[in-house]
Amino acid sequence: MNFTWSDAAYFGPEAVMGLTFLLCVLGDLVTRGRRHVVPFGTLLVGTAISLVLALLHPPVSSHAILGQMVVVDGFAHFFRLLFLGITFVTALLSWSSREIMGRDREHQGEFYALAAMLCFGMMVMAESADIVMLALSLEAVSITSYILAGFARFSFRSSEAALKYVLWGAVSSAVMLYGLSLFYGLTGATSYEGIRAGLSGGQGGMALLVAILFVMAGIGYKISAVPFHFWTPDVYEGAPAPVAAIFASGPKIAGFALMIRFFYVALVQDDSQGTLALLDDVQWPWVLAIISAATMTLGNMAAIRQNSVRRLLAYSSIAHVGYMLMGFVVLSANGLAAVLFYLFVYAIMTIGAFLVVVALNNRVSGEEIDDYAGLGFREPLVAAMMFLFLISLTGLPPTAGFIGKFYLFAAAGEAGLWWLAILGVLNSVVSLYYYMRIARAMYFTPPELSGRVGLAQAHLILLVVLAVPTLVLGVFWSPLKEFADQSLRMLLGGG
Amino acid sequence: MLELADGGSSSLLTWMTFFPLLGAVVISLLPSRNQNLHRWTALGFSLVPLVLAVKLFMVFDRSTSDVQLWTQVDWIRTFHIQYFVGVDGISVTMVLLTALLCAVCVVASWGIQRATKGYFALFLLLETGMMGVFVSLDFFLFYVFWEVMLLPMYFLIGVWGGPRKEYAAIKFFLYTLAGSVLMLLVMIALYFNVNDPSTGGHTFNMLHMMAQANHGEWLLDPTIRHILFLGLFIGFAIKVPIVPFHTWLPDAHVEAPTAVSVILAGVLLKMGTYGILRICYPILPDAAAWFAYPLAILGAVNIIYGAMCAMAQTDMKKLVAYSSVSHMGYVLLGMAVFNEAGITGAVLQMFNHGTITAMLFLMVGVIYDRAHHREINGFGGLGTSMPKYTTVFSLALFAALGLPGLSGFVGEALVFVGAFEVYRVVTIVSVLGIILGAAYVLWMLQRVFLGPLNEKYADTPDINRRELITVLPIAALVIFLGVFPPPIINMIKVSLLNLIAQIPG
């Protein structure tokens, strides 16, 4: 472990976020937890500085730092920007949410400190190049998440959500750590590169399969893939809505980033023709393809029967993991680029949909689908944007969600996984049904109350900020696609 | 093989496609209280494509099968997606029909009271979607327009529809989406297996896909080609709709407001058969030949089954809806035989059914606005109280049953002439459809307009001027094309001959 100061130059955005965390805590202490604007402002400024730093110094080559434990490359850069963006938006979203900032709440300032920590952890997850760092960053994110889930600590549901999250998390972490130890046992290395070198003999056999499955259990929990998804609806429903918005985007995306780097660096080699191949004869892509099929089908089927908008979105977010795994299992750069593209789009539309829930949560009586009745006439703008997010989640043109799905299906088709692609498109049709239940409530049912709902100005502005890319990326998406392609080049090309 | 006409580049079609979209944006920015403003703005924005359609009719070159008035611009270069539009003889009649019916339907929607702003904005958005489908020559672009059209349709049925509107709207949406996602997968499969002859890369360009020499090795396997054909075909069949995928149609028609029913039957159904002619046939001609016989049988089933269902209906609108199923059967039968008479009859019937069924739905709308029901048995003797209405409705009904001298006859006659050469038995069975058609039409005519006057409707006002404005231009067209069809036949003929020349056997 040798640390050099030159490493710090590559670790700027992460360092700033770490510092932001400390400053948020400090600011909250100094103001005795009375002036929440201090930690809130600190988080916004910190995130902005970090974002500027990241944008000013995009990595030009793959660079391993902190004793080869962390790799800063284009792939890390892509996720850095995504996580910083998510943190910035969700911080703004939380600031005017009653569930976080309501008068009856406590320690509101700490929320922002935790958000900074979460962002730091997620960025490191996407950069980990060593199973030790993998476990550490995953735990950093998990522990922060547990606290966030139980943030409304006098709410029964919030506490229940936190407890469920902790129990599931603890078990799956333990299983994953065991899997990682098997990797160490098989190869004698902790770095991904080392594991790859150790496995290239192709002698993994049963032990390797078990190790992979165990690691999958830990990651599957983080991304809520079937059968590790059971906590998701309860946590999304119980936790404060802004926290649910964070969970549905941030940690899930970080889980994908971690998974992609681990599997594609440690377990995949590219032969000289630039095509990717398995190191060993353990057919983990098949296992993942089945998980993908199960995840999307189960997520969609369960979503049909939900009456709570939040639970519906929770199950739909499970289904989306299934779609994204489709791009992961095909072992091609195109497949991974499709996943990256989709993650980006998914973050925008999911946060958008949750933002509507947050915005209405402050004003409308409940979160059942029926509570949205007549919204299209009471709040035409908000309803129209909700509709846009919903059709984007369904994957209809001209929205970003369609393009994302198109690339995923195209990747599956290119690899000849037609059965998975057919299952994917049929699932999209199913998802139309339940997304349109919300649209039906908003537009087809007459409102019980008349007059405007009256939403926070900040929420309206944020909604527009999220709706614009949802639409624009559906018509002109080249820049994002090229960014995704480019981000992968160092990961796959440089090995 | 389809080629681009030299020097045929033009922005006419782009204007026709996107002008209504501009109108939708303008309307959504208008104040919501002034309903008349919405109506007149919508009319203005739908008249422009109609005027451009007249221009299109004048400048269209009838002597070539090449793609005319095209525009080709790169859209997403890295994925070889282009903004590529143009017309040939197959699509030009559909573009004209769309422009005409949309303008008519805006007038027919004058009576809409609820949320006019949203209604007309969505209506114009729908027009953009439909136009886009008919002019697209890039498969990706085609798919985008195909889907974009679903959203306004869903709302137009779901918000402004009848009592069971919610059920009808989601059923329409789910059925069509289920079909189109299959199309999406076939599109992806074609993309990866068709080479752009100039660059060697993949392509969504339909013209490249139609050239068999560009097909990759995987795409040469007959089994694969049959599967791809079926995938596309089911997507289009749901739209046509071909029995047994037709159950969304009566529901959607009955619940939709009048103008939306007109668009549904007049234009949307044609997208199905248009898709088969534009995509299935030229890209996979050998598979088309292989499936010809089942296609003809499906056509006959549509004709007979649709007519029998129509006869059993007590709701006028449902009767007209099922008559559409029956009439689209003629189109299918004509398409299944690859000779000049059959396929010309099919495309002619597509156009004529669009105008005739539009008249029928408009007329049903007129009586519904007055009586607030559509029960066939709930009227009687309207001929004495509403003579003008009776005249126009009877004209439409006679056109629907294929009376010589009206446009419906020409298409059906050509279809039967063409089909008889190839599939005798199927054709003979199908001809029974004409008799069944006469039966349900005349029986309805008798129950509604003849007999003793139902006193309840003795004072019903006759058809008014606005309603006449919507229907008379179409009626004139129906009579004119019944007596003198060459204006349409000349437009479509060369392209269709070129198309059937591709199909082996």
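Let me start with a word we'll need: a residue is buried when its relative accessible area is under 20%, exposed when over 50%, and partly exposed in between, using a 1.4 Å probe and protein chains only. Hello, everyone! What you see is a predicted model, where local features need pLDDT of at least 70, side-chain atom pairs count only at pLDDT 80 or more, and totals for chains, interfaces and linings use all residues. Residues are numbered from 1 along each chain as its sequence is written, chains are lettered from A and ligands numbered from 1 in the order written, and side-chain values use heavy atoms, without hydrogens and water.

So, buried or exposed: which is A:Tyr264? A:Tyr264 is buried, with a relative accessible area of 3%. Please find this residue in helix 12 of chain A; helices here are DSSP runs of H or I, at least four residues, numbered from the N terminus. Beyond its neighbours within four places in sequence, A:Tyr264 has contacts (heavy atoms within 4.5 Å) that include A:Phe328, A:Leu331 and A:Leu492. A polar atom of the A:Tyr264 side chain also lies 3.4 Å from the backbone nitrogen of A:Leu331.

Now let's turn to the two chains. Here, 34 residues of chain B are in contact with 31 residues of chain A. About 3100 Å² is buried between them, 84% of it from carbon and sulfur atoms; that buried area is the accessible area (1.4 Å probe) that two parts lose on being put together, summed over both. B:Phe155, B:Glu166 and B:Leu185 supply 17% of the area that chain B buries against chain A, more than any other three residues.

Conventions. Helices (H or I, at least four residues) and strands (E, at least two) are DSSP runs, numbered from the N terminus. A polar contact is a pair of N or O atoms within 3.5 Å; within protein, one must be able to donate a hydrogen and the other to accept it, and residues adjacent in sequence count only if both atoms are side-chain atoms.
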